Amino acid sequence: MGLFSRRKKGDSVPKTDDCSVRYRECDSDRRTGSGSRKVFLVPPVNGLPDREKFMDGIFDDSCMGMMMNSDTKFPANDWYELSAGRGNCDAQFNLAFNLEHGIGAQRDVVKAVEWYTKAAAGGNFKAYYCLGCIYATDSELADLEKSYDCFSRASTEGISRASYLLYVMYMKGMGLDEPNSYLAIKCLKQAAEEKDPAALYAMGQLSLYGSEYVDRSGDRAWKYFEESSLLGCVPAMTAVGVMLCFGLGGKNPNRNVAYSTLMAASNSGDTTVSNALGLMHLYSMTQSCSPKKSEDLFRISAAAGDGSALNNLAVIQYFGMDGKDDAAENFRKASENGSVHAAENAVSISSGEPMACELDCGYISLSLIMDEEHVKKIKEHA
């Protein structure tokens, strides 16, 4: 085999491969991504998703300056209320938004719903989106049927995030007898056409391996990930960097661009990407092999709960940086946190079998065997 081989989910990974690639269903993405991927990644409370994660990505609040709380008088609310009372739908929306979030006023979701409803009737279609979020997440006002109706109306009026959330709700079967994957993918494709970053990212995942309603296409996956990353979706930056590094999706590897892209994702807050950067340093995919730099990067991702990074850290420890005792303990912890190779590596301590590093991107899993050359370099830098 070549440097790496693609394998179906569940296939075993032979020890003789330098690197193997396995695709995994996209809904197994366990990362706590930032930006548009925050939606639904946080476990729901009492069966309801987090309200703030619903709102994420749809509004540009940069014009707000300092966000005022309910203890700070916000004079604009008086003007919003005056204009809202005269039927201005934009003022009605702004007033509702501030009441919902307690910006310069006492938080009052019931009144916010009243003003959102008036704003929506007057033509402010973001109000339908906000109503959908409230009906899907508020413990007192939860009404999933109304949430579907509001998101559907917002989607019809071009609010792409509403289309994306309909995809998630249909896919999870929220308020339904069972999930509806047909309607889910239909909504996802609409959101992607409207350039929603999260939808483009999800379509990229689906296109990597194909599904019932999405044809498999590495080239199309590339396009979705690239477009999503350009719109600021941080996990999409990570996806582009990993694919460029290992030449996935039918593209030739370009590790200089891959490193820059992964660094951009790291600087934007994706702590899990440090594991990929660590592997690049360890396997001489940068200008030099730097096990010490790899160790520091693995620790960042391991601290964020990445089991594969903890496994990689243990590999370095075993070959001379911190000792075999620490390595054995970290292999155990890595296995508990979902590492694919940690248990095998722990056995290798006594058997002398080759060890493997790994990278888990949620939907792509990479395995890289430690050969004698890399072991020697680690020992030299110990």
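User: Is strand β4 mostly covered or uncovered, and how many of its residues are buried?

Analyst: Buried means under 20% relative accessible area, with exposed over 50% and partly exposed in between (1.4 Å probe, protein chains only). Strands (E, at least two residues) and helices (H or I, at least four) are DSSP runs, numbered from the N terminus. In this predicted model, local features need pLDDT of at least 70 and side-chain atom pairs count only at pLDDT 80 or more, whereas totals for chains, interfaces and linings use all residues. Residues are numbered from 1 along each chain as its sequence is written, and side-chain values use heavy atoms, without hydrogens and water. Strand β4, residues 364-369, is mostly covered, with six of its six residues buried. Ile364, Leu366 and Leu368 are buried on one side, and Ser365, Ser367 and Ile369 on the other.

User: In which sense do β3 and β4 pair?

Analyst: Two strands pair if DSSP finds at least two bridges between them. Strand β3 (residues 356-360) pairs with β4 in the antiparallel sense over five bridges, and Leu359 stands opposite Leu366 of β4.

User: Why are α10 and α11 called oblique?

Analyst: Angles run from 0 to 180 degrees between N-to-C directions of axes fitted to C-alpha atoms over the stretch in contact. Under 35 degrees counts as roughly parallel, over 145 as roughly antiparallel, 65 to 115 as roughly perpendicular, and the rest as oblique. Helices α10 (residues 218-230) and α11 (residues 234-246) pack at about 135°, with axes 8 Å apart; they are therefore oblique to each other.
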